[in-house]
Amino acid sequence: MQIHTLDKAQLINEVQLGSHLNQAVETGRRADFALMLAMLSPDCLETVPVDALPATEQTEGDLRAYFELQPPRPLSASESCYENSAQQAQAFHDGGMADVRLLSGLSPTALTYPPTGTKGMPEELYHNLSGHERRMLPPKEDVALKASPQDLYLSLVQAKRFAEMSHHFTVSA
């Protein structure tokens with residue numbers, strides 16, 4: 001019975017103690033001070049005021065539209081990036097570095113230009129292969145996984161039964 005009353009009497013913060021905590025420190029009553037600290041809740045979330053986050057969530061697209069920003073710079077190259085790069089090269093030859101910086105700010109090009117037609121390998125490695133080895137490489141197509149929880153369950157049951165059978169044969173032999 002006393003345990004339940006102590007649980008209900010737990011203090012959330014030191015404001016509930018009033019001036020008793022200060023008086024215990026000033027008068028040197030260590031036992032009272034320790035008891036009052038032990039009665040305080042150990043949960044930090046109860047003692048720290050937490051403000052609720054605003055309910056409206058803004059996406060990156062909304063913020064870009066609000067601040068009138070350009071779309072983000074693409075990470076890898078697309079067809080339009082090659083055209084933009086050619087325009088920037090022509091601008092460099094015609095007008096210099098200032099024109100290139102202006103075009104780069106208006107229509108940014110990709111950060112990387114990965115090699116194309118090398119089946120995901122680095123260019124140096126791919127071009128070092130012979131024609132026979134290149135033909136033997138698998139196609140670089142991403143195949144979607146054809147798996148379901150039912151197939152996984154059946155595979156696990158089969159694996160368990162095979163393990164039991166192999167264990168049975170090794171023990172009896």
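This is a predicted model: local features need pLDDT of at least 70, side-chain atom pairs count only at pLDDT 80 or more; totals for chains, interfaces and linings use all residues.

Modeller: Residues are numbered from 1 along each chain as its sequence is written, and side-chain values use heavy atoms, with hydrogens and water left out.

Biologist: How many helices and strands are there in the protein chain?

Modeller: Helices (H or I, at least four residues) and strands (E, at least two) are DSSP runs, numbered from the N terminus. Along the sequence the pattern reads α-α-α-α-α-α-α-α-α-α. The count is ten helices and zero strands.

Biologist: Are α6 and α7 roughly parallel or antiparallel to each other?

Modeller: Helix α7 covers residues 97-106, and its axis lies 7 Å from that of α6, at an angle of about 150°. Axes are lines fitted to C-alpha atoms, for helices over the stretch in contact, and angles run from 0 to 180 degrees between N-to-C directions. Angles over 145 degrees count as roughly antiparallel, under 35 as roughly parallel, 65 to 115 as roughly perpendicular and the rest as oblique. The two helices are therefore roughly antiparallel.

Biologist: Is Asn 84 buried or exposed?

Modeller: Asn 84 sits in helix α6, residues 79-95. Beyond its neighbours within four places in sequence, Asn 84 is in contact (heavy atoms within 4.5 Å) with Ser 107, Pro 108 and Thr 109. Buried means under 20% relative accessible area, exposed over 50%, and partly exposed in between (1.4 Å probe, protein chains only). Because its relative accessible area is 16%, Asn 84 is buried.
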